[in-house]
Amino acid sequence: MSRFLKKEMEALVAYTPGEQPRDMQYIKLNTNESPFPPAPGVLEAIKREDIEKLRLYSDPTCKELKEKLASLYGVKPENLFIGNGSDEILNFAFMAYSQEHGVTFPDISYGFYSVYADLYCADARQVPLKDDFSLCYKDYCNSGTMVVIANPNAPTGLVIGLSQIEEILKTNPDTVVVIDEAYIDFGGESCYKLIEKYENLLVVRTYSKSRCLAGGRLGYAFGSATLISDLEKLRYSTNPYNIDRLTLLLGEKTVDENEYYMEKCREIIRVRELTALKLQEMGFSVLPSSTNFLFVKNPAIDGNKLYLSLKARGILVRHFGNPRISDFVRITIGTEKQMDIFIRTVKSILEEL
Ligand SMILES: *Cc1c(COP(=O)(O)O)cnc(C)c1O
């Protein structure tokens, strides 16, 4: 750290991304990416001339992509914001809304929420999930603060219902409620249609999980035209060309190929349920998942040891240091073949104990 960094940032603890190791070929079940390639039409989308056109700036309004998403979801383009990954959208949301009234989010959730709260010196209230990791929506009603909830939640995989989200929206009329729907294509009911009724609702989505495009860095959000205009103001005040030309093209093609991605989501869900059953047969407790991952523990082996044993055998899963969940590992659902290897490997680890 230099002596030039401003005082408030000295203590900032940055987000730790999941490992992306290069030392060997792992079966990568640690960062909730898709095991499938983008749709054939997406793979063919980029031509040599598009690469030549990189000398020109990208469209700062993301007009085509917004129009395509608007027609897919039945909203207006002015209800959509496009970000460089959903992380960027969350960043703007915290930048805009977390300082004035503070912010409330669960103690076990996406790790970036507390990083953004710290970055903007917002007063953050972290509400403990219940012992079974379910979220009590009443904890967020009448909060008087910004509210941020991942639904389905990560890394637990659990969901709350639409009526509960609506109750949170109704009882926080003067603050913004962000629902992070990174995993909504794998389960749960989306709340994005509520943007018509609640001007304080921002629904954040990503292309990284269900759209097989984590490396493309693309996310979008639904919100009232007034909320979206706030975020646009911040975007134009930082980086108006936040989405590069190639990613914009890929994002547009992805919308055209929606059925391919829905099919892959169904496949992930099928393999998820198979994998959950097999893990339960081996003595694991498995939280009911509405996502593309499983959050599991086994009384015979602690989370860190299982993580290390799997890594030594070429399989990466995610372990979190937080003491409340240190017994657990989070396992991204891969292809059926990858999950067969995973299950066999876990079996042999347990047998060796
Ligand atoms: C993966 C994830 C994100 C970030 O997604 P990007 O679009 O890749 O930035 C946001 N929220 C949750 C809950 C996630 O799991």
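The structure is a predicted model, in which local features need pLDDT of at least 70 and side-chain atom pairs count only at pLDDT 80 or more, whereas totals for chains, interfaces and linings use all residues. Residues are numbered from 1 along each chain as its sequence is written, and side-chain values use heavy atoms, with hydrogens and water left out.

One of the aromatic pairs is formed by Phe 94 and Tyr 113, which are stacked at 6.4 Å centre to centre with 20 degrees between the planes. Because Phe 94 lies in helix H5 (residues 85-101) and Tyr 113 in helix H6 (residues 112-119), the pair ties together parts that are 19 residues apart in sequence. Helices (H or I, at least four residues) and strands (E, at least two) are DSSP runs, numbered from the N terminus. Both Phe 94 and Tyr 113 are buried, that is, under 20% relative accessible area, with exposed meaning over 50% and partly exposed in between (1.4 Å probe, protein chains only). Tyr 113 also pairs edge-to-face with Tyr 110, at 5.6 Å centre to centre and 85 degrees between the planes. The relative accessible area is 0% for Tyr 113, whereas Tyr 110 is partly exposed at 22%. One aromatic cluster comprises Tyr 15, Phe 94, Phe 105, Tyr 110, Phe 112, Tyr 113 and Tyr 116.

Charged side chains are also placed over aromatic rings. Arg 205 lies over the face of Tyr 73, at 5.2 Å from the ring centre, and Arg 330 lies over the face of Phe 293, at 5.6 Å from the ring centre. The criterion is that NZ of Lys or CZ of Arg is within 6 Å of the ring centre and within 35 degrees of the ring normal.

Tyr 110 is also among the residues that surround the ligand, together with Gly 85, Ser 86, Asp 87, Asp 180, Ala 182, Tyr 183, Thr 206, Ser 208, Lys 209 and Arg 217; a residue is included if one of its heavy atoms lies within 4 Å of the molecule. Oxygen atoms of the ligand lie 2.6 Å from a backbone N or O atom of Ser 86, 2.6 Å from a side-chain N or O atom of Tyr 183 and 2.8 Å from a side-chain N or O atom of Arg 217. Taken alone, the ligand exposes 390 Å², of which the protein buries 92% (Shrake-Rupley method with a 1.4 Å probe; for residues, only the protein chains shown count as cover).

Tyr 183 and Lys 209 are in turn among the contacts of Asn 292, which also include Asn 32, Phe 186 and Ile 331, leaving aside neighbours within four places in sequence; contact means heavy atoms within 4.5 Å. Asn 292 lies in the loop between strand E9 (285-286) and strand E10 (293-297) and is buried, with a relative accessible area of 1%. A polar atom of the Asn 292 side chain lies 3.0 Å from the backbone oxygen of Asn 32.

Val 176, in the loop between helix H7 (162-170) and strand E6 (177-180), is buried at 8% relative accessibility.

Note on methods: Rings of Phe, Tyr and Trp (its six-membered ring) pair if their centres lie within 6.5 Å; planes under 30 degrees apart count as stacked, over 60 as edge-to-face and the rest as tilted. A polar contact is a pair of N or O atoms within 3.5 Å; within protein, one must be able to donate a hydrogen and the other to accept it, and residues adjacent in sequence count only if both atoms are side-chain atoms.
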